[in-house]
Structures are given as C-alpha cells and as structure tokens.
Amino acid sequence: MSTVLPDLRYSAEHEWIDSASPARIGISQVAVEALGDVVYLDLPEAGSTVTAGEVCGEVESTKSVSELFSPVTGTVVEVNAEAVDNPAVLNEDPYGAGWLFTVEVSEEGPLLSAQEYADANGGELG
C-alpha cells in the first residue's frame with residue numbers, strides 16, 4: 001500500500017504540497033507507483049506563473065506520459081534540477097529528494113487532507 005504523508009495536502013490529480021513558503025510541490029507515492037519508472041520530467045521554469053488545476057508540466061515513465069497539474073496559483077520560485085537530471089529520484093523518494101518545484105502561492109486550488117487523499121486512493125498514512 002502506498003504511503004501518504006500526514007503533514008502534506010494533496011490534489012485530486014495526485015500532486016502534494018507542503019505548508020512552507022514558498023510551497024514545495026511533488027507527486028504522491030500513489031502516483032509514482034502507478035506510473036512505474038519515471039524517466040523524464042518537463043517542469044515549469046522558475047519565474048513562470050502556474051494556475052491551480054491547470055497543466056504545468058509532464059511526467060514520463062516507461063509505462064506512460066502523465067500531465068502534471070498545479071495544485072495552486074502562483075509564481076514558480078525554484079525547480080528541482082536534481083530531479084530533472086535524474087528523474088528516477090521520484091521513484092526512490094517522492095516526498096523528499098523527488099520534490100518538483102516551489103511556488104510563491106497567491107491562491108490555493110481545491111486540496112484534500114492526507115486522510116481524504118488516502119481514503120480516496122487506497123493509501124495509508126505514514
């Protein structure tokens with residue numbers, strides 16, 4: 001069963017967001033396990049604007065290509081260059097070294113608590 005971290009919030013599209021400022025965003029272990037081996041990331045550039053609920057990038061795996069949706073509206077502050085250079089880090093540590101980008105949040109989209117996300121996606125709080 002996939003781990004869902006209790007101190008994060010989640011979008012219905014499987015992105016997670018922490019409560020830091022700027023907020024760090026990634027994809028959940030549920031999503032990573034469904035994707036399989038991640039081989040390529042297309043992420044928004046630092047300085048660009050992302051909009052809650054809209055596509056902001058792609059995650060490509062050996063199984064498929066999935067769109068990445070922003071859970072918030074705001075300005076991208078930093079992109080995880082390590083993850084771009086070595087996308088497999090998402091499979092190894094989706095909640096740590098596998099974070100994707102940070103955003104200075106101006107507005108949140110609809111977000112789920114960890115328990116709501118776990119219940120909806122068969123995960124367990126870890």
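Leu100 touches Ile25, Gly26, Ile27, Leu41, Leu43, Leu68, Val79, Asn80 and Leu90, not counting residues up to four places away in sequence. Contact here means heavy atoms within 4.5 Å. The model is predicted: local features need pLDDT of at least 70, side-chain atom pairs count only at pLDDT 80 or more, and totals for chains, interfaces and linings use all residues. Residues are numbered from 1 along each chain as its sequence is written, and side-chain values use heavy atoms, with hydrogens and water left out.

Leu100 is one of the residues with the most contacts inside the largest nonpolar core, which has 23 residues. A nonpolar core is a set of buried Ala, Val, Leu, Ile, Met, Phe, Trp, Tyr and Cys residues joined through side-chain atoms within 4.5 Å. Buried means under 20% relative accessible area, exposed over 50%, and partly exposed in between (1.4 Å probe, protein chains only). Two or more residues come from each of strand 4 (23-27), helix 1 (29-35), strand 5 (38-42), strand 7 (55-61), strand 9 (72-79), helix 3 and strand 10. Helices (H or I, at least four residues) and strands (E, at least two) are DSSP runs, numbered from the N terminus. Apart from this core lies another, of 10 residues, among them Tyr10, Tyr95, Trp99 and Ala114. In soluble globular proteins, nonpolar side chains tend to be buried together.

Aromatic pairs were counted next. Rings of Phe, Tyr and Trp (its six-membered ring) pair if their centres lie within 6.5 Å; planes under 30 degrees apart count as stacked, over 60 as edge-to-face and the rest as tilted. The count comes to two. Tyr10 and Tyr117 are stacked, at 4.5 Å centre to centre and 10° between the planes. Tyr10 lies in strand 2 (residues 9-10) and Tyr117 in helix 4 (residues 114-121), so the pair ties together parts 107 residues apart in sequence. Both tyrosines are buried. Trp16 and Tyr95 form a tilted pair, at 6.1 Å and 50°. Trp16 is in strand 3 (residues 15-17), and Tyr95 is in the loop between helix 3 (89-92) and strand 10 (101-108), 79 residues apart. Trp16 is buried at 1% relative accessibility, and Tyr95 is buried at 15%.

Helix 4 has a buried side. Ala114, Tyr117 and Ala118 are buried. They cover an arc of only 100° around the axis, which puts them on the same side of helix 4. The arc is that of the directions from the helix axis to the C-beta atoms. Exposed Asp119 and Ala120 sit on the face turned away from the buried side. The cover over the buried residues includes strand 1 (3-4), strand 2, helix 1 and strand 11 (124-125).

The structure holds one salt bridge, defined as a side-chain nitrogen of Lys or Arg within 4 Å of a carboxyl oxygen of Asp or Glu. Glu108 pairs with Arg9, the closest N and O atoms being 2.6 Å apart. Glu108 lies in strand 10 and Arg9 in strand 2, so the bridge ties together parts 99 residues apart in sequence. Glu108 is partly exposed at 42% relative accessibility, as is Arg9 at 30%.

Backbone exceptions were also found. The peptide bond from Ser21 to Pro22 is cis, with omega near 0°. Pro22 lies in the loop between strand 3 and strand 4. His14 has a positive phi, near 85°, and lies in the loop between strand 2 and strand 3.
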